[in-house]
Amino acid sequence: MLSPAAAAAVRAAAGSPRAVRCAHARLLREGLADLSPAPALLVSAYARSGLLPDARQVFDDAPRRDLYLYSSLLAAVAHSPTPALALPLLRRMLSVDSLRPDHFVLASLASAAARLRSLRLGRQLHAHFAVSPYSGDDVVKSSLIDMYCKCGVPQDARRVFDSIGEKNSVVWTTLVSGYASNGYADEALELFWSMPARSLFTWTALISGLVKAGNNASAVGLFVEMRRDGVRIDDAFVLAAVIGGSADLAALVLGRQLHGFAMKLGFLSSMIIGNALVDMYSKCSDIHSAREVFEGVTVRDVISWTTILVGEAQHGQVEKVLSLFDRMVHSGFKPNEVTFVGLIYACSHAGLVQKGRQLFESMKLEYGIKPGLQHYTCYLDLLSRSGYLLEAEELINTMPYEPDEASWGALLSACKKHNDAQMCLRVADNLLELRPKDPSTYILLSNVYAVNCKWDSVAKVRKIMAEMEIRKKPGYSWIEAGKEFRLFHAGEVPLDIREEITGFLEELVSEMRKRGHVPDTSSVMHDLEENEKEQHLLLHSERLAVAFGILKTPPGSVIRIVKNLRVCGDCHTVMKLISEIAQRKIIVRDASRFHHFEGGKCSCSEFW
């Protein structure tokens, strides 16, 4: 049996690779490495030091493997980047060493199932647990609650929660977070307010969960409620979460207020706050402030670099993206999968085919990153958008993934842009075979037919949409003008400003006609007369928003608009003209990227 002093020395070494290796070497020299519980302690210490292969080697070299040793390794694997390794370990424990899982092992396996989002495995474990001698263990129940929440079924987690007699703050918080992050806001709030006590940790879990589920307005409201409740903010996580909520809302004024609040609390040196602010300013169309915040972050990680890089890419600043990438690599940071999505996306939206090819290859050869489907889709978009349609078609047919709706949609969109009717039909056939779910895919198909005046085919697509109960998303745009926030729906002008908005739009149309603008009605799918199509375009939501912005904001100020759909071709042209006529910079965040309109030009250089 290992002495208490030797065991304490191994525990103390955990977290430091050098220290744990020294402790292991000392045990080997003294002939103590095989004494119980040395192997289990070493496995745990190596794992906590980020040395999982060394932990596995100690496990394999142990003269006998007991439940304590299995529990140590399974706990390490469950919280590692490779939780799937828990499954072969379980099989080995059952078949080779003929051991039955105890409550520690079951808790680790439930954690692994949660990380894997494997509801099937989780339910099998739950069934085994229910008939085991440990069926009353609250630690395992807590792990099962977390597993069910992460697998998207918080109702099942609630049943486990209700079976616990003495509930601690951890299980309360886990279930509150599970309801919130899975979109059950009402249930999360009801449970939250029924808690016997609420800490900053619980508030953070609820607010973060709401942000994750897209309930950003509720998250911001709760943050205000938390401040009124006098909860002391002594860590940065809740602030980072609510900054993320303001980013998704594109609420720049709120984001700036939160920036000031973070400064007041002394959190600007926090890396997670810096990353959140960079992301917020990028998504709120203020890329200049995003750059300033990034440059002010003293301690950066790969997420910091990737966040600003992706932000610049979405704003069409390809030269800055490539310069940032060079700085990142020279600073000793290894890019990750998301970094390369941003890089290839930037090349795609700037027509830099050769640079995109080079980056796609370097991802595999220099950095050992296996391209995922999203990388192939970005690369496919790069090729097809730049006119390399045959090469793009070959790529989609040979890549090591089944092409999804986004892949075929990117190719179809490019075929339409480059007027390759034959390829359009081939690609459309493949796309329709997938029975896509996204309404915009059917809109794209309809547009392809509508451009060629094939109204029967348009009707056929609409019939499929009706059969699948797919509805076109209504277009809307919103704008912050001073202290006023306005939401505009396509074709609907609010009554209180109708006369002012429509009159101003007519003036703009007249001025644009003088400059030679002829409306492009090809995106209007309805079988209407030409003048009716033009009127339809006039009331697109982003035009209503920009008219409101010009009328309600000081001359020379930047107009920032968020649109839920992709900007149509005619609106893109119109925004360029309006920026020149009104002498305003207009920034539009649509469903795929940012457009900076200024002086009659757009930052996208028509690669959109």
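Visitor: In which loop is the place of Ser 98?

Guide: Happy to start there, with the reminder that this is a predicted model. Ser 98 has a positive phi of about 50 degrees, although it is not a glycine. Its place is in the loop between helix H6 (86-95) and helix H7 (103-116).

Visitor: Which residue does a cis peptide bond join to Ser 36?

Guide: Look at the loop between H2 and H3, where Pro 37 lies. The bond in question has an omega of about 0 degrees, and the partner of Ser 36 in it is Pro 37.

Visitor: How confident is the predictor, and where is confidence lowest in the protein?

Guide: Across the protein the mean pLDDT is 90, with 97% of the residues at 70 or more. The highest confidence belongs to helix H10 (residues 154-162), at 97. Where pLDDT is low, the predicted coordinates should not be read in detail. The lowest confidence, at a mean of 69, is in helix H30 (residues 530-538).

Visitor: How far apart in sequence are the parts that Arg 21 and Asp 54 tie together?

Guide: The side chains of Arg 21 and Asp 54 meet in a salt bridge, with 3.4 Å from N to O. Arg 21 belongs to helix H2 (residues 17-29) and Asp 54 to helix H4, so this pair links parts separated in sequence by 33 residues.

Visitor: What area do domain 1 and domain 2 bury between them?

Guide: The domain assignment places domain 1 at 1-59 and domain 2 at 65-160, and their C-alpha centres lie 25 Å apart. Ten residues from domain 1 and twelve residues from domain 2 make the contact. Carbon and sulfur atoms carry 79% of the buried area, which comes to about 990 Å².

Visitor: Which three residues supply 59% of the area that domain 1 buries against domain 2?

Guide: On the side of domain 1 that touches domain 2, the residues divide into nine nonpolar, no polar and one charged. More of the area that domain 1 buries there comes from this trio than from any other three residues: Leu 52, Arg 56 and Phe 59.

Visitor: Which helix gives the most to the side of domain 1 that touches domain 2?

Guide: Helix H3 (38-48) and helix H4 (52-61) each supply at least two residues of that side. The helix that gives the most, with five residues, is H3.

Key
Residues are numbered from 1 along each chain as its sequence is written. This is a predicted model: local features need pLDDT of at least 70, side-chain atom pairs count only at pLDDT 80 or more; totals for chains, interfaces and linings use all residues. Side-chain values use heavy atoms; hydrogens and water are left out. Domain bounds come from an automatic or database domain assignment. Contact means heavy atoms within 4.5 Å. Buried area is the accessible area (1.4 Å probe) that two parts lose on being put together, summed over both. Helices (H or I, at least four residues) and strands (E, at least two) are DSSP runs, numbered from the N terminus. Ala, Val, Leu, Ile, Met, Phe, Trp, Tyr, Cys and Pro count as nonpolar, Asp, Glu, Lys and Arg as charged, and the others, Gly among them, as polar. pLDDT is the predictor's confidence in each residue, from 0 to 100. A salt bridge is a side-chain nitrogen of Lys or Arg within 4 Å of a carboxyl oxygen of Asp or Glu.
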